[in-house]
Amino acid sequence: MTDPRTASDPALVVAIGRFSEPALAEAYRRHGGAVHALASRLLGPGTEADDVTQEVFIDLWRRPERYDPARGSLRTFLLTMAHARAVDQLRSETARRQREERTARETATAGYDIEHQAWDLAVAEQVRVAVAALPEEERRAIELAYFGGHTYREVAAILGQPEGTVKSRIRAGMRRLRAKLERHGVEPAWVEH
Amino acid sequence: MGGALSHAEASELLGAYALDAVEADEATAVAAHLASCPACRNEVDQLRAVAAVLAWEGADAPPELWDRISAGLGTEPPGISPNPPRLAPLGARVSPAQRHRSWVRRSLGAIAAAAAVAIGVLAVQVGTLDHRVGQLSALAAHQGVPAAAAQAMADPRAERVALTAVGAPDRTVADLVILPDGTAFLVEGNLPALPPGRTYQLWGMEHGQAVSLGLLGRQPRVVAFAVHSPLPIRAFAVTAEPAGGVVVATSPPVAEGQVVRT
């Protein structure tokens, strides 16, 4: 690899496989902000979010072969890893109490607002429109699940709706988003460098 | 929830699963379904891509956090890890019609002793780095490994090695396909499944030393690995080991084979 800054994401991962630290630094430069922002969204700003971000990139360093370009972009892979780790953290017993306190605080101030999460992106407008066009109950269910780190059963309890209904709404809403974004020419490939 | 999910049951959970919004037992059940259902796997991949877009924030990566990450790399350099990286087990099987029946099959007694010989850490490093790089190169080509394996099997330049069961030289338990650039695949794996906590490990005899070529998993079907090019390895062996793999084989080979020039 000549210059990490001009390398494609898959080429970066190959270089990481050859233990190139500049390649990992470049992957962090491209995607570290998004990973850290998602972890902070779930865990609150601070040590926990920093730890998740660090773990995600060290894991990429140690096991780059787990990234399969055929299954999606590097950013999706890293965000998927970060989300899973953050949710594990949230659901651990020790973290549960702190989270309940924080949830109470957040509820007191402002609700979740996914529309403000997808911004500063070439396709931000399409994403905003697609999210805004979702039926309200689908949007709420997705927000609580993805940014709140709740299981669909917890979401059902929060919203006072049947579990099966919430389960269906999450999937229907996500599929609706996907279709809408695709209609606007927004494909998962946009997150590729 | 107990037992396997039907396709319909798993489908209903895919949205929540893609958002990590299912219970642990449900996640396990969905993952089991995904292993055998490409359509559902594809949907999960797509929904995760959508979730990633929702998560997108334009914030820059915090520079001070990079210092922590960089420092964390030094504590355990991957190059001297005693365990070879796990190779991805691959689901697809190659059609028997593509199989070359004429491969020479020969038992190789000498490797039984050789695989048990202590091997140098350097040899492990070389083997580890080598197949890691090989596998990643395949990934970068945006090519699924089963497809790549099928292509390699059809490549006339490929060297082929039949691995036969130790003690039953007529029974082929897997074939190795090795391309001139060192890209290699184990295909048509038909070894008996190992219990949880165990893995098959592939060894190559290189300059008189047994070099680990990687872990094959509990029940290998198609696995990618890599060897030096041009091929200095003339003989291969498979042992059954604890799940993390070992530096030195702890048991005699269960299968073996050697490169035969035609």
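Predicted model: local features only at pLDDT ≥ 70, side-chain atom pairs only at ≥ 80, totals over all residues.
Local features need pLDDT of at least 70, side-chain atom pairs count only at pLDDT 80 or more, and totals for chains, interfaces and linings use all residues. Residues are numbered from 1 along each chain as written, chains are lettered from A in the order written, and side-chain values use heavy atoms, without hydrogens or water.

Start with chain A. Helix H2 (residues 21–43) packs on helix H3 (residues 47–62) at about 145 degrees, with the axes 8 Å apart. Helices here are DSSP runs, H or I, of at least four residues, numbered from the N terminus. Axes are lines fitted to C-alpha atoms over the stretch in contact, and angles run from 0 to 180 degrees between N-to-C directions.

Now salt bridges: a side-chain nitrogen of Lys or Arg within 4 Å of a carboxyl oxygen of Asp or Glu.

What does A:Arg85 meet in a salt bridge? Its partner is A:Glu55, at 2.9 Å, N to O. A:Arg85 lies in helix H4 of chain A and A:Glu55 in helix H3, so the pair ties together parts 30 residues apart in sequence.

Next, A:Arg140 bridges to A:Glu143 at 3.7 Å. A:Glu143 is buried, at 0% relative accessibility. Buried means under 20% relative accessible area, exposed over 50%, partly exposed in between, with a 1.4 Å probe and protein chains only. A:Arg140 is partly exposed, at 26%.

Last, B:Glu43 and A:Arg175 form a salt bridge, 2.9 Å between the closest N and O atoms. That pair joins two chains.
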